[in-house]
Amino acid sequence: VLSNNYHSEKISWEEFKSEVSKYIQSQKFIYRGQTGRQYGGQWRLRTSFHRTGRADLFRYTIEDIPRLYRYISSIPNCRFDLKNPFELGALLTLAQHHGYPTPLLDWTYSPYVATYFAYADAPRDLSEGYVRIFIFNVDIWLKKNKQIAHLESPLPCFSYLEALSLGNNRMLPQQSVTMFSNVDDIEGHIKREAKKVNQEYLKIYDLPVKDRTKVMRELDYMGITAASLFPGLDGTCKALKEKYF
């Protein structure tokens, strides 16, 4: 049974800023923003690989990754040693940032970068519904849970991945960090592990989608725009569209 009823709290943008100010000096927490299905339906933490309906990571390793590498290796500065786990992680992170399905889940050390990703794709004219922001205590998770980096591991895992930024100019401006998961129901896995040690790992906040214009304007003042998060022409044009259209 999927844990799509994981407790969440509906709060305003102002309340969210006040809440994250408690964590802002700490590197214990990572954040993820999601627009949500139909901007008000159910959300859950799920990798892009699992969202395709696939589950066999052994097949992914022997078929999909070599195929991906054959194409990406033709791009300058995108050569990776697939036998090196750090470089394999860099390849998957790069592919993930460009829309390729991977068993990785993107997070950020910045609650405001996470807020940008929560609101950016929501239509401007919505008056009902919410976007969702996850706050995960990665520091305690690392201390309490064994981290498994092997794609073919038979054990269920949700593991921190320190990927290299080879060929990826988005990682630093996005303050990006990655979690690897071989389970589809990530929230259920976190809940079960939390119960074992009586520890809260995950908080979920829902912010009103109707505040999009106000929130995006404030993020712009902070310097958090498509241009800063996606260096290059695409990001610049997206930032200008957001601001003037």
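1. Where is asparagine 198 found? Asparagine 198 is in the loop between H7 and E7; helices (H or I, at least four residues) and strands (E, at least two) are DSSP runs, numbered from the N terminus. Its phi is near 55 degrees, a positive value in a residue other than glycine. Asparagine 198 is exposed, with a relative accessible area of 73%, where buried means under 20% relative accessible area, exposed over 50%, and partly exposed in between (1.4 Å probe, protein chains only).

2. A word on the ground rules. This is a predicted model, in which local features need pLDDT of at least 70 and side-chain atom pairs count only at pLDDT 80 or more, while totals for chains, interfaces and linings use all residues. Residues are numbered from 1 along each chain as its sequence is written, and side-chain values use heavy atoms, with hydrogens and water left out.

3. Leaving aside residues up to four places away in sequence, leucine 219 touches Trp13, Tyr112, Thr115, Tyr116 and Ile224, with contact meaning heavy atoms within 4.5 Å.

4. How do H1 and H5 pack? Their axes are 11 Å apart, at an angle of about 150 degrees; axes are lines fitted to C-alpha atoms, for helices over the stretch in contact, and angles run from 0 to 180 degrees between N-to-C directions. That makes H1 roughly antiparallel to H5, given that angles under 35 degrees count as roughly parallel, over 145 as roughly antiparallel, 65 to 115 as roughly perpendicular and the rest as oblique. Trp13, Phe16, Lys17 and Val20 of H1 make the contact with Pro111, Tyr112 and Thr115 of H5.

5. Another helix pair to view is H3 (residues 57-72) with H4 (residues 85-97). Their axes come within 11 Å and cross at roughly 75 degrees, so H3 and H4 are roughly perpendicular to each other. From H3, Tyr60, Ile65, Leu68, Tyr69 and Ile72 meet Leu88, Leu91, Leu92, Leu94 and Ala95 in H4.7. On to the aromatics. The count comes to 12 aromatic pairs, where rings of Phe, Tyr and Trp (its six-membered ring) pair if their centres lie within 6.5 Å, and planes under 30 degrees apart count as stacked, over 60 as edge-to-face and the rest as tilted. Tryptophan 141 and tyrosine 201 form an edge-to-face pair, 4.8 Å centre to centre with 80 degrees between the planes. This pair links distant parts of the chain, 60 residues apart: tryptophan 141 is in helix H6 (residues 138-144) and tyrosine 201 in the loop between helix H7 (186-197) and E7. Tryptophan 141 is buried at a relative accessible area of 1%, and tyrosine 201 is buried at 2%. Trp107, Phe136, Trp141, Phe158 and Tyr201 form one aromatic cluster.

6. Which ring does the charged end of lysine 10 sit over? The ring is that of tyrosine 130, with the charged end 4.9 Å from its centre; the rule asks for NZ of Lys or CZ of Arg within 6 Å of the ring centre and within 35 degrees of the ring normal.

7. Histidine 189 lies in helix H7 and is buried, with a relative accessible area of 6%. Not counting residues up to four places away in sequence, histidine 189 touches Trp141, Pro156, Cys157, Phe158 and Val183. Asparagine 169 is 20 residues from histidine 189 along the chain, and their C-alpha atoms are separated by 32 Å.

8. Finally, some loop residues. Serine 153, in the loop between H6 and strand E5 (158-161), counts as buried at 15% relative accessibility. In the loop between E5 and strand E6 (176-181), glutamine 175 has a positive phi of about 50 degrees although it is not a glycine, and counts as partly exposed at 38% relative accessibility. Leucine 172 is also found in the loop between E5 and E6 and counts as exposed at 71%.
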